[in-house]
Amino acid sequence: MTIWPEPRLLPCGDQALSVELGDEVNRELNARVLALEYLLQQKHLPGVGETVPSYRALLVYYDPLVIGYDDLVATLRELCARARPEVLPPARTVELPCCYGGEMGFELEAAAQKLGLPPEEVARLHAGADYYTYFVGFTPGLPYMTGMPKELTIPRLQNPRTKTPPGSVSIGGIQCCIYSVESPGGFWVLGRTPVRLYDPAAPDPILLRAGDHVRFRAIDRAEFDAIAALVEAGRYAARISVAGSGAGR
């Protein structure tokens with residue numbers, strides 16, 4: 001039986017509280033963070049607003065005029081004792097088409113050279129992995145994902161670019177991310193997905209959620225353009241399936 005450290009509950013101003021469940025970055029600890037968020041959401045506690053999960057902590061916003069700090073701390077400590085990966089609902093797997101290399105993956109060849117691998121092998125390894133979404137942040141809808149093959153471990157760019165196109169599928173360190181909007185960036189761009197990770201006009205603007213699994217399907221430029229046209233017309237939906245119970249399992 002795993003013995004978890006005592007959670008640290010830290011005030012963040014007078015309207016938020018951070019619950020730190022550990023000091024490591026791993027999927028089991030992250031699943032506990034997501035389990036705590038899930039249990040808190042199921043409780044529908046008056047005064048609790050937005051919750052923001054990260055690698056190892058959950059930030060909880062609350063209204064101190066509705067629920068006091070001490071009462072919130074007591075509730076969170078009780079929920080922490082029950083926050084285990086197995087309490088989570090079944091995890092989702094989201095399939096994203098990705099066009100590797102060329103204009104879409106304008107740093108694939110440079111990354112392959114640095115890794116000492118053929119570009120085709122980098123794309124094959126990347127598309128063959130199962131990625132786990134730790135959390136979503138930095139920009140709206142941008143996922144931080146683990147699960148990348150060790151052969152693709154690569155330092156981030158020494159000189160980050162000032163603009164990265166939305167949909168850019170990128171790697172840096174031991175992580176993979178997808179740029180959701182145009183923004184600066186220091187990850188190597190291997191390809192691009194035509195699927196929108198952030199669509200402010202959609203009923204659910206953010207496609208990916210913490211705890212999601214992501215699989216990439218390699219496509220050519222013709223299929224990229226065809227899917228992009230469907231996305232633009234509002235007639236494309238990413239393939240989402242539900243796996244067994246638990247996060248990261």
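One cut-off before we start: a residue counts as buried when its relative accessible area is under 20%, with a 1.4 Å probe and protein chains only. Phe 135 has a relative accessible area of 14%, so Phe 135 is buried. Keep in mind that this is a predicted model.

Stay with Phe 135 and look at its ring. Tyr 55 and Phe 135 form an aromatic pair. The centres are 4.7 Å apart, the planes make 85°, and the pair is edge-to-face. Where do Tyr 55 and Phe 135 sit in the chain? Tyr 55 is in the loop between strand E3 (48-53) and strand E4 (57-62). Phe 135 is in strand E6, residues 131-136.

Next pair. Tyr 132 and Tyr 134 are also edge-to-face, at 5.5 Å centre to centre and 85° between the planes. Both Tyr 132 and Tyr 134 are buried. Searching the whole structure gives five aromatic pairs. Ring pairs join Tyr 55, Tyr 132, Tyr 134, Phe 135 and Tyr 144 into a cluster.

Now the sheet. Four strands make an open sheet, ordered E1-E2-E4-E3, with antiparallel pairing. Which strands stand at the edges? Strand E1 (8-11) and E3 do. Each has a single partner strand, so one side of each is left without a neighbour in the sheet. On average, neighbouring strands here are turned by 20° against each other, ignoring direction.

Look inside the sheet. Strand E2, residues 16-20, runs antiparallel to E4, and five bridges join them. Val 19 stands opposite Leu 58 in E4. Helix H1, residues 27-43, packs on this sheet and touches E2, E3 and E4. The direction of H1 makes about 165° with that of E3.

On to another helix. H5 covers residues 221-232, twelve residues in total. From first C-alpha to last, H5 reaches 16 Å, close to the 16 Å expected at 1.5 Å a residue. Which residues of H5 are buried? Phe 224, Ile 227 and Val 231. Down the axis of H5, these buried residues fall within an arc of 70°, so they line one face of the helix. They pack against strand E5 (92-100), strand E12 (188-192) and strand E13 (213-219). The face of H5 turned away from that buried side carries the exposed residues Ala 222 and Glu 232.

Two backbone spots now. Most residues other than glycine have a negative phi. His 44 has a positive phi, near 50°. His 44 lies in the loop between H1 and E3. Buried or exposed? His 44 is exposed, with a relative accessible area of 63%.

Phe 138 sits in the loop between E6 and strand E7 (143-146). At 58% relative accessibility, Phe 138 counts as exposed.

Last stop. Ser 183 is in strand E11, residues 183-185. Its relative accessible area is 5%, so Ser 183 is buried. What does Ser 183 contact, leaving aside neighbours within four places in sequence? Phe 138, Thr 139, Thr 162, Lys 163 and Thr 164. That brings us back to Phe 138, in contact with Ser 183.

Terms used: Residues are numbered from 1 along each chain as its sequence is written. This is a predicted model: local features need pLDDT of at least 70, side-chain atom pairs count only at pLDDT 80 or more; totals for chains, interfaces and linings use all residues. Side-chain values use heavy atoms; hydrogens and water are left out. Helices (H or I, at least four residues) and strands (E, at least two) are DSSP runs, numbered from the N terminus. Buried means under 20% relative accessible area, exposed over 50%, partly exposed in between (1.4 Å probe, protein chains only). Contact means heavy atoms within 4.5 Å. Rings of Phe, Tyr and Trp (its six-membered ring) pair if their centres lie within 6.5 Å; planes under 30 degrees apart count as stacked, over 60 as edge-to-face and the rest as tilted. Two strands pair if DSSP finds at least two bridges between them. Axes are lines fitted to C-alpha atoms, for helices over the stretch in contact, and angles run from 0 to 180 degrees between N-to-C directions. The expected span of a helix is 1.5 Å times one less than its number of residues. The arc is that of the directions from the helix axis to the C-beta atoms.
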